[in-house]
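Please keep the sequence and the structure in view while reading.

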Amino acid sequence: GGGGGGGGGFTEATFSISLDAACRGRGLGGLAIALGVAHLEMACPEVLRVHAWVKPENLASRRLFERFEGFELAGEAETDAAGNVGMHFILDTSRATTKKGVL
């Protein structure tokens, strides 16, 4: 299956978050990841892998995905479908794991 999700038989999805500068440093990024992944697992159980791309200079986002249980760094300088180079994290939702999140 390809990317996406939402009942179309897709097995992979891409997760992305962006916060306004005024909202950063308040724990909202971790909350967004935890709630987004939980919702995806309930709404789209066919999704087995979740991809996240982080700009190399965005150390705060890198730390969030590194701390979220299940996301693993797949590559330091990979190119996404749009041609952007970034750190590539993958969450394998098919693994039996208890997600603690980052809350």
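## Strand pairing and the sheet

β1 pairs with strand β2 (residues 49-54) in the parallel sense, over four bridges. Strands and helices are DSSP runs numbered from the N terminus (strands E, at least two residues; helices H or I, at least four), and two strands pair if DSSP finds at least two bridges between them. T14 has H51 in β2 as its bridge partner.

α1 packs on the sheet and touches β1, β2, β3 and β4 (85-92); a contact means heavy atoms within 4.5 Å. The direction of α1 makes about 160° with that of β1, where axes are lines fitted to C-alpha atoms, for helices over the stretch in contact, and angles run from 0 to 180 degrees between N-to-C directions.

## Basis of the model

The model is predicted: local features need pLDDT of at least 70, side-chain atom pairs count only at pLDDT 80 or more, and totals for chains, interfaces and linings use all residues. Residues are numbered from 1 along each chain as its sequence is written, and side-chain values use heavy atoms, with hydrogens and water left out.

## The chain as a whole

The protein chain contains two helices and four strands, and its elements run β-α-β-α-β-β from the N terminus on.

## Residue L28

L28 lies in helix α1 (residues 28-43). L28 counts as partly exposed because its relative accessibility is 34%.

Note on methods:
Buried means under 20% relative accessible area, exposed over 50%, partly exposed in between (1.4 Å probe, protein chains only).
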